[in-house]
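Hi,

Here is the structure you asked about, with my notes on what turned up in it below. Could you have it open while you read?

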Amino acid sequence: MRKISPARNSRPFDYAQPGDRLHCGKVSIAALARRHGTPLYVYSGDQIVERLGMFENAFRGRNHLVCYAVKANSALAILKLLAGRGAGFDIVSGGELERVLASAPEAVGRVVFSGVGKTAAEIDRALETGILQFNVESEAELELLAARARRMKRRARFALRVNPDVFAETHPYISTGLREHKFGIDIRRAPEIYRRTARSKWLEAHGISLHIGSQIRSAQPFGAAVERVSRLARQLAGEGIALKTIDAGGGLGIDYHSRAFDAAEHVREYAAAIEKALGGFEGRLLLEPGRFLVAQAGALVAGVLHVKSNGKKTFVVVDAAMNDLIRPALYQAHHEIVPVRRRSGRARAVDVVGPVCETGDFFARDRKLAPLEPGDLVALLDAGAYGMAQSSNYNSRPRAAEVLVESGKARLIRRRETMADLLAVEST
Ligand code: LLP
């Protein structure tokens with residue numbers, strides 16, 4: 001067994017010793033900010049690869065495929081990096097499919113297509129390119145898939161995304177596995193649908209899939225959900241419908257608060273729960289991690305514009321905003337904020353806010369931070385997942401640039417948008 005030492009679980013953004021400057025690997029964050037400006041996303045490619053390795057290691061005894069959830073961070077360079085290490089992809093739109101084709105066309109046979117609202121055009125493109133499997137979310141979608149497959153004369157491999165009706169403790173906006181949610185097909189209806197399609201010329205009952213939610217910290221609900229679908233797979237096998245894949249979805253959480261988080265141990269527990277639940281299933285296990293692979297590899301670097309005090313409160317106004325990283329505003333999410341250059345001085349409770357004209361435009365409230373001054377830089381940690389991917393141009397703010405650091409070398413993987421980029425698609 002390959003041992004992962006505790007040091008390899010550490011966050012990639014750290015202070016170089018000696019010195020008080022934040023680095024990503026050997027690369028100085030201040031130097032990157034000088035070169036590319038702020039706000040700036042910085043990712044450690046090394047950590048992304050390490051996290052993929054943890055997954056591979058934890059599931060090494062089983063025929064499996066890690067299909068990275070593109071929605072977490074769809075940067076082409078990151079997709080290419082992961083595809084090069086053998087990963088497949090979980091996509092939820094035609095746009096994400098085009099990203100896979102643009103960055104790693106050879107990986108298209110390792111793509112699963114999820115999502116509640118696939119259009120005929122998206123289905124056609126996915127059939128044409130030969131993806132691995134459609135994760136079908138409703139009977140209506142299955143009918144559409146059959147019709148498109150017939151038209152294109154290509155047999156469609158599908159998995160029903162069933163709703164296992166398992167509760168997982170997480171933010172209500174990112175919980176998906178209960179009957180009241182819009183996702184999936186009631187697991188009790190699934191057997192009949194598989195039986196019905198078993199004779200279809202254009203549909204191949206290829207697998208069964210589930211996804212119970214995101215940022216789930218306990219292994220137990222994953223085990224419970226997979227157990228339900230593997231029981232169903234066994235039942236179907238008994239009827240002569242042998243499914244080739246069980247897709248356990250994504251959702252494995254991270255710790256946004258503690259530096260002591262042991263990611264390798266976390267994924268081992270997760271793998272053990274899934275292994276146990278799979279029983280004797282002999283097909284291929286698919287996994288769709290997003291956040292776990294990329295969140296802690298990324299930081300959003302921002303410059304301090306002003307420090308203002310209204311007597312009662314102190315506000316640190318930075319040049320990044322909710323349009324760059326919406327997680328605090330949308331999910332009350334916590335991101336650690338660290339100075340790029342450490343300063344001495346007593347920590348004080350401040351609000352870290354952006355320039356957007358909304359009260360919800362904050363990154364932290366009453367956070368104890370060492371003194372900051374205009375011109376200083378700060379890094380918002382664990383911002384690699386659902387950061388840039390959920391960014392917008394709100395307040396006509398061009399989106400941030402992105403840098404990828406690999407083996408001590410940094411390269412720009414997305415240039416900062418310009419106002420000309422934004423205006424180019426409009427007319428008066
Ligand atoms: N598979 C499916 C079908 C999904 O819907 C998702 C995420 C994933 C996989 C990946 O889940 P992960 O491993 O990243 O938890 N924007 C929110 C998270 C939304 C998750 C949506 N679905 C956030 O920033 O917390």
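Phe222 is buried, with a relative accessible area of 2%, and Tyr270 is buried too, at 1%. (Buried means under 20% relative accessible area, exposed over 50%, and partly exposed in between, with a 1.4 Å probe and protein chains only.) Before I go on, please note that this is a predicted model, in which local features need pLDDT of at least 70 and side-chain atom pairs count only at pLDDT 80 or more, while totals for chains, interfaces and linings use all residues. Residues are numbered from 1 along each chain as its sequence is written, and side-chain values use heavy atoms, with hydrogens and water left out.

**Aromatic rings**

The structure holds 9 aromatic pairs. Rings of Phe, Tyr and Trp (its six-membered ring) pair if their centres lie within 6.5 Å; planes under 30 degrees apart count as stacked, over 60 as edge-to-face and the rest as tilted. The ring centres of Phe222 and Tyr270 are 4.8 Å apart and the planes stand at 90°, so this pair is edge-to-face. Phe222 belongs to helix α8 (residues 220-238) and Tyr270 to helix α9 (residues 263-278), so the pair ties together parts that are 48 residues apart in sequence. (Helices, H or I with at least four residues, and strands, E with at least two, are DSSP runs numbered from the N terminus.)

Which residues form one aromatic cluster? They are Phe55, Phe59, Phe222, Tyr270 and Phe292. Over the ring of Phe292 sits the charged end of Arg51, 4.9 Å from the ring centre. Arg342 lies over the face of Tyr15, at 3.8 Å from the ring centre. For this term, NZ of Lys or CZ of Arg has to be within 6 Å of the ring centre and within 35 degrees of the ring normal.

**Salt bridges**

A search of the whole structure finds 28 salt bridges, each a side-chain nitrogen of Lys or Arg within 4 Å of a carboxyl oxygen of Asp or Glu. One of them joins Arg62 and Glu275, with the closest N and O atoms 2.9 Å apart. Arg62 is in the loop between α2 (45-58) and β5 (64-69) and Glu275 is in helix α9, so the pair ties together parts that are 213 residues apart in sequence. Is Arg62 buried or exposed? At 13% relative accessibility, Arg62 counts as buried, whereas Glu275 is partly exposed at 30%.

Arg161 and Glu137 form another salt bridge, their closest N and O atoms being 3.0 Å apart. This pair links distant parts of the chain, with Arg161 in strand β9 (residues 156-163) and Glu137 in the loop between β8 (133-136) and α6 (139-152), 24 residues apart. Arg161 is buried, at 8%, and so is Glu137, at 4%.

Within helix α7 (residues 190-197), Glu192 and Arg196 lie 4 residues apart, about one turn of the helix. Their salt bridge has its closest N and O atoms 3.4 Å apart. Glu192 is partly exposed, at 38%, and Arg196 is partly exposed, at 41%. A network of salt bridges links Glu139, Arg189, Glu192 and Arg196.

**Backbone details**

Most residues other than glycine have a negative phi, and most peptide bonds are trans. Thr38 and Pro39, though, are joined by a cis peptide bond with omega of about -5°. Pro39 is in the loop between α1 (29-36) and β4 (40-44).

Asp382 has a positive phi of about 55° although it is not a glycine. Asp382 is found in the loop between β19 (377-380) and β20 (401-406) and is buried, at 1%. Tyr386 is in the loop between β19 and β20, and its phi is positive, near 60°. Tyr386 is buried, at 15%.

**The two domains**

The assignment gives domain 1 (13-43 + 296-423) and domain 2 (45-290); such bounds come from an automatic or database domain assignment. The C-alpha centres of the two domains lie 32 Å apart. How much area is buried between domain 1 and domain 2? About 2000 Å², of which carbon and sulfur atoms give 52%. (Buried area is the accessible area, with a 1.4 Å probe, that two parts lose on being put together, summed over both.) On the domain 1 side, Gln296, Tyr331 and Tyr386 lose the most area to domain 2, together 29% of what that side buries. Across this interface, 27 residues of domain 1 are in contact (heavy atoms within 4.5 Å) with 22 residues of domain 2. The count between the domains is 1 salt bridge.

Best wishes
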